[in-house]
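This report describes how the parts of one protein chain are arranged. It begins with the sheet, then turns to the helices, the nonpolar cores and a few single residues.

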Amino acid sequence: MEILVNISESLQKGKAKDVVELVKQAIADGIPASKILDQGLLDGMGKIGVRFKNNEVFVPEVLIAARALNQGTELLKQKLLEEGVQPIGRAIICTVKGDLHDIGKNLVKMMLEGAGFEVMDLGIDISEDKIVEAVREHKPQVLLLSALLTTTMNEQQVVIDALKAAGLRDSVKIMVGGAPISQSFSDQIGADAYSPDAASAAEVARTFVA
């Protein structure tokens with residue numbers, strides 16, 4: 001459907017105003033909100049994710065596309081509720097205790113939302129106690145822990161140990177990332193997955209809720 005292709009292409013170009021007008025038009029044309037979301041907005045964000053992964057676009061383009069995505073989905077929220085459309089899964093994301101970096105975390109959050117997740121962002125410098133409490137209360141399928149410093153990367157291990165102590169470790173898939181993190185470190189601390197970039201993180205998270 002041409003209008004859905006136009007929504008996807010406008011989103012990839014970061015043209016939020018055009019996305020809003022096209023989404024309004026698609027709603028007026030009677031196209032189901034789920035179709036506008038999947039074949040228009042999420043299709044565009046998915047393609048931006050692939051291009052980001054391939055170094056064809058960079059952080060500014062992703063941020064602009066994500067803004068267009070948010071404005072488009074805002075228009076669809078009520079319609080999606082009426083149609084009974086559910087997120088594909090629930091994720092919690094944060095930067096661990098002692099670490100104040102958030103750009104990488106924010107990119108991953110955008111990619112997760114673009115993949116259809118409901119994402120709860122706890123923020124930066126989050127202690128293991130707060131993370132355990134959030135997992136207990138909100139029951140996410142995926143927990144994503146970011147650490148950008150060699151001095152804070154071991155906090156990811158602290159969180160995993162705290163979840164084990166609380167009897168919650170097996171209830172959630174734990175993904176780790178950040179500049180100093182590697183696959184071997186992920187294996188060493190007992191995480192379920194490591195991703196080197198935001199687009200890959202969203203792809204891996206999807207496999208956990210498939």
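The model is a predicted one, and its open sheet consists of five strands in the order β2-β1-β3-β4-β5, with parallel pairing. At the edges of this sheet lie β2 (117–126) and β5 (193–194), each of which pairs on one side only. Helix α5 packs on the sheet, where it touches β1 (89–96), β2 and β3, and its direction makes about 170 degrees with that of β2. Helix α9 (residues 198–209) lies across β1, β2, β3, β4 and β5, and runs at about 175 degrees to β4.

Two of the strand pairings can be followed in detail. β1 and β2 run parallel and are joined by seven bridges, and within this pairing Gly 89 has Phe 117 of β2 as its bridge partner. Strand β3 (residues 142–146) and strand β4 (residues 173–177) also run parallel, joined by five bridges, and here Leu 143 has Ile 174 of β4 as its bridge partner. Because seven of the eight residues of β1 are buried, this strand is largely enclosed by the rest of the structure. β4 is likewise largely enclosed, since four of its five residues are buried.

Helix α4 (residues 59–83) has 25 residues, and its first and last C-alpha atoms are 33 Å apart, close to the 36 Å expected at 1.5 Å a residue. An α-helix has 3.6 residues a turn, so residues three or four places apart point the same way. Just after α4, Gly 84 takes a positive phi of about 75 degrees.

Which residues touch the most other members of the largest nonpolar core? They are Leu 41 and Met 45, in a core of 44 residues. Helix α3 (residues 33–53) gives the most to this core, contributing eight residues. Leaving aside neighbours within four places in sequence, Met 45 is in contact with Leu 11, Val 62, Ala 65, Ala 66, Leu 69, Met 110, Met 111 and Gly 114. A second, separate core has 24 residues, including Cys 94, Ile 126, Ile 181 and Ile 189. In soluble globular proteins, nonpolar side chains tend to be buried together.

| Residue | Relative accessible area | Class |
|---|---|---|
| Ser 186 | 1% | buried |
| Lys 35 | 30% | partly exposed |
| Ile 103 | 59% | exposed |
| Gln 86 | 61% | exposed |

Ser 186 is found in helix α8 (residues 183–189). Not counting residues up to four places away in sequence, Ser 186 touches Val 176, Ala 191, Ala 193 and Tyr 194. Ser 186 counts as buried because its relative accessible area of 1% is under the 20% limit.

Lys 35 lies in helix α3, and, when residues up to four places away in sequence are not counted, Lys 35 touches Met 1, Leu 4 and Gly 40. Its relative accessible area of 30% makes Lys 35 partly exposed. Lys 35 and Ile 124 are 89 residues apart in sequence, and their C-alpha atoms are 35 Å apart in space.

Ile 103 is found in helix α5 (residues 103–114). From C-alpha to C-alpha, Ile 103 and His 138 are 24 Å apart in space, and 35 residues separate them in sequence.

Gln 86 is found in the loop between α4 and β1, and is exposed, with a relative accessible area of 61%. Although Gln 86 and Gly 116 are 30 residues apart along the chain, their C-alpha atoms are separated by 8.9 Å.

Technical notes
Residues are numbered from 1 along each chain as its sequence is written. This is a predicted model: local features need pLDDT of at least 70, side-chain atom pairs count only at pLDDT 80 or more; totals for chains, interfaces and linings use all residues. Side-chain values use heavy atoms; hydrogens and water are left out. A nonpolar core is a set of buried Ala, Val, Leu, Ile, Met, Phe, Trp, Tyr and Cys residues joined through side-chain atoms within 4.5 Å. Buried means under 20% relative accessible area, exposed over 50%, partly exposed in between (1.4 Å probe, protein chains only). Contact means heavy atoms within 4.5 Å. Two strands pair if DSSP finds at least two bridges between them. Axes are lines fitted to C-alpha atoms, for helices over the stretch in contact, and angles run from 0 to 180 degrees between N-to-C directions. The expected span of a helix is 1.5 Å times one less than its number of residues.
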